[in-house]
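User: Could you walk me through the aromatic rings of this protein?

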Amino acid sequence: MLTLEQVKAKSQTRLAGVNPVIRQLGEALIERCYNKGIMILITQGLRTYAEQDALYAQGRTKPGSIVTNVKGGYSIHNFGFAIDYALLLQDGKTASWDTKRDDNNDSKADFLQVAEEAKALGFEWGGDWKSFVDMPHLQMVFGLTTAQFRAGQRPTQTQLDAALSKIKPVTPSTPSKEGEPMTAEEKKEFEQLKEDVKALQKRVNINGDQTPPNAYHEALEAAKHVKAITTTNDKDQSALKMLQTMYNMGLFEPRFIEFVKSYKGKV
């Protein structure tokens, strides 16, 4: 049996042109089916108007059986929001559209199990259609008609994010655990924080005025409140100016302190 990566690789060309969210959901479908002992192949993805017209001609003005009832511009394939699938057999080379096959021997038709997994991911299955049953077909239209797609309308980012949450759930951020390594994004943010502090220090050092210490009262109290310092006494001019600059930038606000605390144990 092929590995999951080998199975995915066989569908990459067809998935390349579809909407990125459809592509990720298509890859998730391949993986979920593989985990059930079913290998599938994405046989159709983005289809041009010309390709759609040629397909429409099949069984009408050209040899073959009718496989579609719509011309170019009237299929969701033309806009990258649909995919078709077939079963990939054990030899890793042959595709099958046999809707009764049960290669994983669980007494359920593999083709229908794929459809179940697809619908769980939010796809509309052509096998449920009444007027023109299209069992290999999966699509997401987000409430839009083909006329709206032709007019240039597309799903909102909110709709796309909601669809993607089926495989990448959005969860509220939680405080980092002590000792937990930083992610790449967190490392980037922390490095930027260090650069900001260095810049503040530089600004303090090049400014040599001697402002009276009582002028820094609010900054000192704010720093003490968030426990950035333990006492407001015995601060030299450089320290006072640095604390004042940090106070002016809002670095002693609770939200910033929580941000800093989230890195505890990571560096």
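**Aromatic rings at a glance**

Analyst: Ring pairs join Tyr49, Phe79, Phe81, Phe142 and Phe149 into a cluster. This is a predicted model, in which local features need pLDDT of at least 70, side-chain atom pairs count only at pLDDT 80 or more, and totals for chains, interfaces and linings use all residues. Residues are numbered from 1 along each chain as its sequence is written, and side-chain values use heavy atoms, with hydrogens and water left out.

User: How many aromatic pairs are there?

Analyst: Rings of Phe, Tyr and Trp (its six-membered ring) pair if their centres lie within 6.5 Å; planes under 30 degrees apart count as stacked, over 60 as edge-to-face and the rest as tilted. By this rule, the count of aromatic pairs is 5.

User: What kind of pair do Phe81 and Phe142 form?

Analyst: Their ring centres are 6.2 Å apart. The planes of Phe81 and Phe142 meet at 85°, so the pair is edge-to-face.

User: Is Phe81 buried or exposed?

Analyst: Buried means under 20% relative accessible area, exposed over 50%, and partly exposed in between (1.4 Å probe, protein chains only). Phe81 has 3% relative accessibility, so Phe81 counts as buried.

User: And what kind of pair do Phe81 and Phe149 form?

Analyst: The centres of these two rings, Phe81 and Phe149, are 5.3 Å apart. Their planes are at 45°, so the pair is tilted.

User: Which residue has its charged end over the ring of Tyr56?

Analyst: A charge sits over a ring if NZ of Lys or CZ of Arg is within 6 Å of the ring centre and within 35 degrees of the ring normal. At 3.9 Å from the centre of the Tyr56 ring, the residue is Arg60.
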